[in-house]
Amino acid sequence: MNEVLQVIKTRRSVRSYQERQITNEELKAVLEAGVYAPSSMNTQPWFFSVVQNRELLARVTDWIIEEAAFIKDNPKAREIASTKNAALFRRAPTVIVVSGDRSNPLAVENCSCAAQNMMLAAASLGLGSCWITYVGYLARREATVAKCRAALRIPEGYAPILGLTLGYPAAPPEPAQPRRKGVFAVLV
Ligand SMILES: Cc1cc2nc3c(=O)[nH]c(=O)nc-3n(C[C@H](O)[C@H](O)[C@H](O)COP(=O)(O)O)c2cc1C
């Protein structure tokens, strides 16, 4: 099997990391993979805030927990809201907050392509990664978006969409979970 297909099939979501930081070369390769993602009309409507500062990450975690309290109809949000110091970022040494241009109607799709590119690039380098949905809570209220913009250097007009944890896996990843069958049709 070629190397790209091998990486696609062996990438796993990693939720436990070693403390040691990834190298700048690895980080640069992951970010570069992100910016080479396809985007609607080549708009490239993303911004990546790389957070390696524990204190800043703790502040972002607190903001997510605060926002979760406003989301009434979601059991996961309720759980987060009631867990003080929840390890939402799994103690990963690096977190990438992916923000999208709010004026782009396909910002979520475009940023998701960038995220997948970064997760595959990470896996190809022996790094673990995991998508963190709760980062999207930060886009609910303007006051929180403004706090994030200032703290994470997010450009005006952009807001957080998702997070990615990154680091060396604490243990070798298990083989991929079985995939659902019957999810494609070939029509000739
Ligand atoms: C849109 C999306 C949101 C996700 N959100 C989270 C999340 O918030 N926390 C988490 O631990 N994993 C999250 N994941 C990872 C999935 O749980 C994981 O991809 C799935 O269980 C399959 O496992 P694998 O990635 O190891 O193949 C998310 C994945 C996607 C694509």
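A polar contact is taken here as a pair of N or O atoms within 3.5 Å; within protein, one must be able to donate a hydrogen and the other to accept it, and residues adjacent in sequence count only if both atoms are side-chain atoms. The model is predicted, so local features need pLDDT of at least 70 and side-chain atom pairs count only at pLDDT 80 or more, whereas totals for chains, interfaces and linings use all residues. Residues are numbered from 1 along each chain as its sequence is written, and side-chain values use heavy atoms, with hydrogens and water left out.

In the side chain of Thr133, an N or O atom lies 2.6 Å from a nitrogen atom of the ligand, while a polar side-chain atom of Arg12 is 2.7 Å from a ligand oxygen atom, and for Arg15 the distance from a side-chain N or O atom to an oxygen atom of the ligand is 2.7 Å.

Salt bridges (a side-chain nitrogen of Lys or Arg within 4 Å of a carboxyl oxygen of Asp or Glu) number 7 by this rule, and the table gives some of them.

| Pair | Closest N to O |
|---|---|
| Arg140 and Glu67 | 3.3 Å |
| Glu156 and Arg149 | 3.6 Å |
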